[in-house]
Amino acid sequence: MNLPLFIALRYLFSKKKQNIINIISAISVAGIIVGTMALVIVLSVFNGFNSLIENFFSNFDPDLKITAAKGKMFTPSENRFDEIKNLPGVIHYAEVIEEVALLKYDTRQYPAIVKGVPPNYGRYTNIDTLIVDGVFMLEDEGMDYAMVGQGVAYNLGLGLSFVDPIRIFVPKKGRQASVNMARSLNFDYIFPAGVFAVLEEIDSKYIIVPYHFAASLFESENQVSAVELGIDPNVNARRLQKEIQHILGESFQVKNKYQQHDLIFRTMKSEKWASYFILVFILIVASFNMLGSLSMLIIDKKEDLFILRGMGADSELIRRIFLFEGWLISFFGAVIGSLLGIFICWLQIKYEIVTLPGTGSFVISAYPVKIIFSDILLILSIVIGIGFIASWYPVRFISHRFLMNENL
């Protein structure tokens, strides 16, 4: 066994002559354990929220969404969309219309995005899993129905047990405003069949209606706002996205599920890594307890240093002993802290110990947690790296000064 490592292990677990050194050493290890554990827990909670939001958006959004780079609407027949429809891996093709309209229900008014979707909308999304009231139904026996976001329903005071329809008003295409507002507006009405809940970003904006209803209301003719694609799970989605972008050129944007809500995911990622760096800074401060711990240990073991020097040990070997001592403190602290953090995360996943305030106010009852192995490796590497730096100073300078003063 490596001699400096063996001696460092003995020093780590043996009782020191001065009890204060044992206390300082325990504080050093405890600081690293707590800091590492906090990093594991905080990053896992951020991963949990990110996964939860991703899951909700995945149930609402298509795998790929194609929109015009300039302007709001385009005509698919004038471009190469037939080629895209027949690409291997594309199993669902849907043309949709999205426009802002004014909704009126009873005496309340609220602006929202009316999204006209084809009958296969429920097959390339999981919108039916997001229904919190009513059923998912867009057409039945020749009648058109709407699916209303929970936020929209709240602002309209809408209830499915009521018999009033939702009235929808939009400006007439190409018609300038006149004194008689009725001549400048298109109007139609539709009955709600269900209420869906995703996140406030979606709930408070969208009402989903049949495609032909939206096309008639907005007078879109053959134009659409977007083309949504459902793709085979076994296909390389990134490669297919690039292929479609190449076919359509720079006139169109092809976005995957993450890019459709780029701001939200980038914000969450920024918050996660901001928290990570704050905790790393705290861990750096805690790790420098080793400065005092190793300095006291060098003084405590000065008799051993005389013996080692008498046995032929040089200054470099003695420095390696105390450098290994610092590494072992950081290594054991990092491993124990990571294991404790993983255990606490497992308890939260299994038993939902820490619940969210306000029972029933959220779609989940407890803080979501997701453990990602790459995050654990990153935490271990950064903690051990900090431990190396924190150990290097006392070993390089303080031990050198002590050795010179003792004329070893």
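A residue counts as buried here when its relative accessible area is under 20%. The model in your viewer is a predicted one.

**Stop 1: Glu 228 and Lys 115**

Start by selecting Glu 228, whose relative accessible area is 0%, so it is buried. Show both side chains and you will find a salt bridge between them, with an N to O distance of 2.9 Å. Glu 228 belongs to strand E10 (residues 226-231) and Lys 115 to strand E3 (residues 108-117), so the pair ties together parts that are 113 residues apart in sequence.

Which residues join these two in a network? Select Lys 65 and Glu 98 too: with Lys 115 and Glu 228 they are linked in a network of salt bridges.

**Stop 2: the strands beside E3**

Stay with E3 and colour its partners. Strand E2 (residues 90-105) runs antiparallel to E3, and nine bridges join the two. For a landmark along this pairing, pick Glu 99, which stands opposite Val 114 in E3. Then go to the hairpin of E2 and E3, where two residues lie between the strands. Click on Asp 106 there: its phi is positive, near 60 degrees.

Next, select strand E9 (residues 206-210), which runs parallel to E3 and is joined to it by five bridges. Here the landmark is Ile 113, found opposite Tyr 206 in E9.

**Stop 3: Lys 257 and Asp 63**

The model has 10 salt bridges in total, and another one to look at joins the side chains of Lys 257 and Asp 63, at 3.6 Å from N to O. Why does this pair tie together parts that are 194 residues apart in sequence? Lys 257 sits in the loop between strand E11 (252-256) and helix H9 (262-287), while Asp 63 sits in the loop between helix H2 (19-60) and strand E1 (64-68).

**Stop 4**

**Stop 5: where H10 meets H12**

Now select helix H10 (residues 289-300) and helix H12 (residues 315-351), whose axes come within 11 Å and cross at roughly 140 degrees. The two helices are therefore oblique to each other, and their crossing is right-handed. To see the contact itself, show Met 290, Ser 293, Leu 294, Leu 297 and Ile 298 in H10. They meet Phe 322, Glu 325, Gly 326, Ile 329 and Ser 330 in H12.

**Stop 6: Ser 28**

Finish by selecting Ser 28 in helix H2. Ser 28 is buried, with a relative accessible area of 0%. What is Ser 28 in contact with, leaving aside its neighbours within four places in sequence? Show Asn 289, Met 290, Ser 293 and Ile 329, and you have the answer. You have already met Met 290 and Ser 293 in H10, and Ile 329 in H12, at the previous stop.

Note on methods:
Residues are numbered from 1 along each chain as its sequence is written. This is a predicted model: local features need pLDDT of at least 70, side-chain atom pairs count only at pLDDT 80 or more; totals for chains, interfaces and linings use all residues. Side-chain values use heavy atoms; hydrogens and water are left out. A salt bridge is a side-chain nitrogen of Lys or Arg within 4 Å of a carboxyl oxygen of Asp or Glu. Helices (H or I, at least four residues) and strands (E, at least two) are DSSP runs, numbered from the N terminus. Buried means under 20% relative accessible area, exposed over 50%, partly exposed in between (1.4 Å probe, protein chains only). Two strands pair if DSSP finds at least two bridges between them. Axes are lines fitted to C-alpha atoms, for helices over the stretch in contact, and angles run from 0 to 180 degrees between N-to-C directions. Angles under 35 degrees count as roughly parallel, over 145 as roughly antiparallel, 65 to 115 as roughly perpendicular and the rest as oblique. A crossing is left-handed if the near helix is turned anticlockwise from the far one by less than a right angle, and right-handed if clockwise. Contact means heavy atoms within 4.5 Å.
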